[in-house]
Amino acid sequence: MKKIILITLSVLLLSGLLLAGCTIKIPSPAVTGGGVLKLYDIDPITLDPAISAEMTSHEYVTQIYSGLVQLGDNLEPAPDIAEKWEISQDRQTYTFHLRKDVVFQDGRKVTAADVRYSWERACDPATGSSVAGTYLGDIVGVRDVIAGKVKEISGIKVIDDYTLSVTIDAPKSYFLSKLTYPTAYVVDKANVSRGKDWWRTPNGTGPFKLKEWNEGNLLVLERNDKYYGEVAGVQRIEFQLWSGLPMNMYETGQIDVAGVSVIYIDRVTDKAGPFYKELQVTPELSFSWIGFNTTKPPFDDINVRRAFTLAIDKDRIISLVFRNLVQRADGILPPGIPGYNKDVVGPGYDVARAKALIAASKYGDVSKLPPITLTTSGYGGGISMALEAIISEWRENLGVEVTVRQLEPDRFMYHLKEEKNEMFDMGWIADYPHPQDFLDVLFHTGAENNFAEYSNPDIDALLDKAAVEADNEKSLELYRQAEQALVDDAACLPLWFGENYVLVKPYVQGYQLTPLGFAMLNKVRITK
C-alpha cells in the first residue's frame, strides 16, 4: 500500500517471484470475538479506492474494500478475491480465478466483470485518479483509457463470471504486487452510480463496513460478517477523530493504541516505567526527503541542487530533533528493501564544498539566486522542528533565506505537482517491498508520482532495463546503479529512514504494524 507521509507529521508520530498456478487454501470464515477497538486518527480525505493516494485515507480504505491480490505475511503477493492464477510462458498474461463466495457488503456476488469495471473506472479521466497509471499502467491499453482515447482496457478480458485474463506490456516481477494497491480494489457499480459522494456510504468487500462518520469527531467501522476471509475478531472499531493528544488519551483509557511522539520517548523506553511492556518498535520501509523543482531556477542547475544537499548536517538534526529515532538516509532505498545498498555514497556534509558549488553555478553567488519557497503540508502556519532546523542550516551555512508556503493536506497530497514551489518536503512508505516502488515511481521521467518532474534519460534507461530483467540479482544491481546515479545527480535531498514506536494496551491482541506502516485490523482481538 502506497502512503505519502510528511515531515510535519514525523515529529509527532514516529511511527520478484514468478507465481504460476498459485493456490492457497483459505479456511472458511467464522464469526467470533467481540468488543470495541478504540483508535485515534483524523478524517480520511476520501474513501474512494481509485482516488486514495495517501496514508490517512488508506487506513480506512484497506478495511472497507479488497482486491484480487493482497500482500501476505511475508509481504509477497498472496490470493485474496482471486483464489489462484496462472502466468503465461512469456510472463505477460495472467489468468485469475476468482473465489465464488465473495460478496459485496449488501450481499451481491462479486464477478470478473466487477473487477474490469473497477479498473476501467479508476483509469477513466473523469474519475480523476492521480495514481491509476502508476499501479495499473503496465496493463495493455490502460494508457489509452487514461488519455481518454478509449473507454475499455484492451488488455483485460472477462472469460466467464469467475475468470479474468490480464495482459501486461512486458514481463515485470512486481506486477502482482502493484495489484495490492487500493487503485486495484473492487467497487460496486450500482454504489458508484449514486453520485460523486457515493463513497460516504460505501458497499465494499472488505472485513469492515462504514457504520458512522461524524466528521471531526467519530468514525465507526463495524464487522462485516459476510467477509470471505478472516472475519474480524472485534465487533466495532471507533476512531476518535482530532480528539486530543494521543498519549494523553492512551493514558486515560480513551484509546487502545497510540503513536509515541519524541517528547514521550524517555517515558516509554524506561524499563522500570509503566509503558515499556506495551511498547512496539517496528522498522518501516519509509524514506523522507526534500524535493527540488527541477523545471525552474535555481534547481535546474545541478550545482545548486548539490550545494543544498551538502549544507545540511543530518546527523545533528537526527540527534537533536528526533533523539536518534530515525536513521540517516544517504540514498533512497530504505533498509529491508531488496537492493538496499549500505555502501551507497551519499552527499555528506561539507559547507565549504557547498559554497564552492554555488560559486561554480550559473548564478556565481547566493545573492544572485532567485527567491526560493518550500511547499509543505499542514494547518495554521506551524511547521515541524525538523523543517525549521533544515531551513536554519541553509540560512547559516549558505546565507540563503528559504520561505515556507503551507498547503492544506488534501491539496498538498493530490495537487503537489501543480502547486509546488522551488522545493517541497515529502516522505514515502513502500507499497510493496521492491526498489521499483521508490526509484521508478518517484523519479522516472513522466511518472505520476514524480512530483519534482525530475528527468534523466540515462537513469530512465537503467530503470527500464531493471524492470524487465528476468535475473533477480542482475535486476537489483541495475536498481543499485540507478539509485547511486540519482544521488550523484542530486535528484533530491535524502533525509532519513523511519521506525514506528507504538503503545498497545495489553488486552489488545494481534495489533501489529507491518513494515509498510499499517495493521490488518481484522486480526485484532480484545481480551478484556
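Okay, one term before anything else: a residue counts as buried under 20% relative accessible area, as exposed over 50%, and as partly exposed in between, using a 1.4 Å probe and protein chains only. Now take Lys465, which is exposed, with a relative accessible area of 51%.

A quick word on the source. What we have here is a predicted model, where local features need pLDDT of at least 70, side-chain atom pairs count only at pLDDT 80 or more, and totals for chains, interfaces and linings use all residues. Residues are numbered from 1 along each chain as its sequence is written, and side-chain values use heavy atoms, with hydrogens and water left out.

Back to Lys465, then. Lys465 sits in helix H16. When I say helix or strand, I mean a DSSP run: helices are H or I with at least four residues, strands are E with at least two, and the numbering goes from the N terminus.

H16 covers residues 457–468, and its axis comes within 8 Å of the axis of helix H17, residues 472–488, with the two crossing at roughly 160°. Those axes are lines fitted to C-alpha atoms, for helices over the stretch in contact, and the angles run from 0 to 180 degrees between N-to-C directions. In general, two packed helices are described by the angle between their axes and the distance between the axes. How do we put this angle into words? Angles under 35 degrees count as roughly parallel, over 145 as roughly antiparallel, 65 to 115 as roughly perpendicular, and the rest as oblique. So H16 and H17 are roughly antiparallel to each other.

The H16–H17 crossing is also left-handed, meaning that the near helix is turned anticlockwise from the far one by less than a right angle; clockwise would be right-handed.

Which residues meet there? From H16 we have Ile459, Leu462, Leu463, Lys465, Ala466 and Ala467, and from H17 we have Ser475, Leu478, Tyr479, Gln481, Ala482, Ala485 and Leu486. Contact here means heavy atoms within 4.5 Å. Sorted by type, the residues of this contact give 10 nonpolar, 2 polar and 1 charged. For that count, Ala, Val, Leu, Ile, Met, Phe, Trp, Tyr, Cys and Pro are nonpolar, Asp, Glu, Lys and Arg are charged, and the others, Gly among them, are polar. Lys465 and Tyr479 are 14 residues apart in sequence, and their C-alpha atoms are 9.1 Å apart in space.

Next up, strands. Strands of a sheet pair through backbone hydrogen bonds, either parallel or antiparallel. In this talk, two strands pair if DSSP finds at least two bridges between them.

On to an open sheet of 4 strands, in the order S3-S12-S11-S10, with mixed pairing. At the edges are S3 (36–41) and S10 (208–214), each pairing on one side only. The twist averages 20° from one strand to the next. S3 and S12, residues 236–241, are parallel partners over 6 bridges, and Leu39 stands opposite Phe239.

Asp41 belongs to S3, and Asp41 is buried, with a relative accessible area of 15%. Leaving aside neighbours within four places in sequence, the contacts of Asp41 are Thr56, Glu59, Tyr60, Phe239, Gln240, Leu241 and Trp242.

Trp242 is in the loop between S12 and helix H8 (246–251), and at 42% relative accessible area Trp242 is partly exposed. Arg323 is another non-glycine with a positive phi, about 55°, and its place is the loop between helix H11 (314–320) and strand S16 (327–328).

Last stop: the peptide bond from Pro297 to Pro298 is cis, with omega near 0°. You'll find Pro298 in the loop between S15 and helix H10 (302–310).
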